[in-house]
Amino acid sequence: MWGFVNLILLSVIVLLVGYYLVTQKEQTGGSAPDSRNTAQQSADQQPADPKGTVSGSGEEKGSSGSEPSSEETAEENSDPPSSGQSENPPDQETVDAEQGQPAGSGKDGKDQASQEGKQETGKDSASGKADPQQDQIPEKLASGGASNAPSGQAILIHFVGDMIFSGKVETLLESKGYSYPFTYLGDLLKKDDLTLGNLETPVTTRGVGAKNKTYVFKSSPKALDALRAAGMDAVTLANNHILDQGEEGLLDTITHLGASGIKYVGAGKNAARAYAPEYFSIKGMKVALVGASRVYPESSWAAGTNKPGVASAYGQAPEVLKSIAEARKSADLVIVMAHWGIERQSTPDANQKALAHAFIDAGADLIIGAHPHVLQGLEQYKGKWIAYSTGNFIFTKSTVPATWKTAVFQASCRPNGGCDMKLIPYKTELGQPVPMTAEEGKKLMQEMQQLSIGGVRVSGDGTVTAGSAR
């Protein structure tokens, strides 16, 4: 009798448990959370910090930001971090849209970048194939720049620091529009001959966030049209975030850059493309641009023969030196954009100095650095300028005052005649550089002079002159 009763009770319990599980599945939709969304949400979570400051770039709590301390340590090593120290990127994918030898950009009418990008890049609008191997940059009549300039005169180049459009910055731009970061720049980046910056984020709507990496970025393609319209001509992708969404994210970034008319260096679908210089023909000068990074979380991020990745500047950076030497054979001006150094350190480390000098010895004329998220000083070596760190430009707002200070670096360069440097001071608000007051700017120029090497002088108006020690 009791056995029969126990059997009835057990059956009722089984039925109740089964009913509960079915109703729970219906309420949750019966699906697992999307790993991409989970990865992106985790990118906006900062580690606890008793001082209220995030390690690395000093970004605001709750925003997407800087790298874990293991990455800071790695950048000081002579060799790249070994595979498996951090994240393992997803399986290799390819994007056929990437150009093996992209043609160039131009600044004429940048406010219509999405329309004119096809013409400016030298591509046939019907076939989409690249035309000449080097860019023929149009004169900037529409943007108010020089026109019909004689060959051999100086060209004006602007460099800006780290740019992201994710996390809190993305939230702000979705509200205020993607042109918001450029409100206070006016025509500054349109009236020059060439504008360059560090794109510190993959631009994609796909990808899987890198695992075992504290901060993972992902930006909307909408940002690139606004960036191009503001005056950006080319960016370096050689940094420790460009593979935050895996190889798929990198290849998507390349595709979106091509659609917007912005050129790139420092990464690619393979090593040949990652290390390849980008050439521009401006006012009779042939300008070569090379990008490379000495900061990334593991060795698998480096580009390979048939593998997407970044151009590596670890060790003696032999492939970078080859690219510079190759560019030197035909270019009047060779520019290197390097990702290096230690975050929030206002002075360059030994590796930065050694690499900068080696790049110049190999044939570079101008070195522009990024990654520390703060400004570092300048040095002139063998008559060539080195700007060790350009700081943040479009980024999250930090609790660390040093990361609030930035500048637009201006170089006026002549064929075989060197470059004259000038700094235009800005402060970085959330997602937007804002001009400093005259007093703030003068103070920053004094700080930059103190940070600079070899007696370099920086006047109150930002003009940079070499010291006696070169």
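How close do the axes of helix α6 and helix α7 come, and at roughly what angle do they cross? The views below take this up in a predicted model, where local features need pLDDT of at least 70, side-chain atom pairs count only at pLDDT 80 or more, and totals for chains, interfaces and linings use all residues. Residues are numbered from 1 along each chain as its sequence is written, and side-chain values use heavy atoms, with hydrogens and water left out.

**View 1. Helices α6 and α7 cross.** The axes of α6 (residues 222-230) and α7 (residues 246-260) come within 9 Å and cross at roughly 40 degrees. Helices here are DSSP runs (H or I, at least four residues), numbered from the N terminus. Axes are lines fitted to C-alpha atoms, for helices over the stretch in contact, and angles run from 0 to 180 degrees between N-to-C directions.

**View 2. Residues of α6 meet residues of α7.** L224, D225 and R228 in α6 meet H256, L257 and S260 in α7 (contact means heavy atoms within 4.5 Å). These contact residues divide into 2 nonpolar, 2 polar and 2 charged.

**View 3. Residues that line the second largest pocket.** Look for K397, P401, W404 and K405, which are among the lining residues. Also included are K427, T428 and E429. β16 (418-429) and α11 (438-451) each supply at least two lining residues, and α11 gives the most, with 4 residues.

Definitions and conventions
On a 1 Å grid over the protein atoms alone, a cavity is a set of points where a 1.4 Å probe fits but cannot get out, and a pocket is an open set with protein on both sides within 12 Å along at least five of seven lines; lining residues have an atom within 4 Å of a point. Ala, Val, Leu, Ile, Met, Phe, Trp, Tyr, Cys and Pro count as nonpolar, Asp, Glu, Lys and Arg as charged, and the others, Gly among them, as polar.
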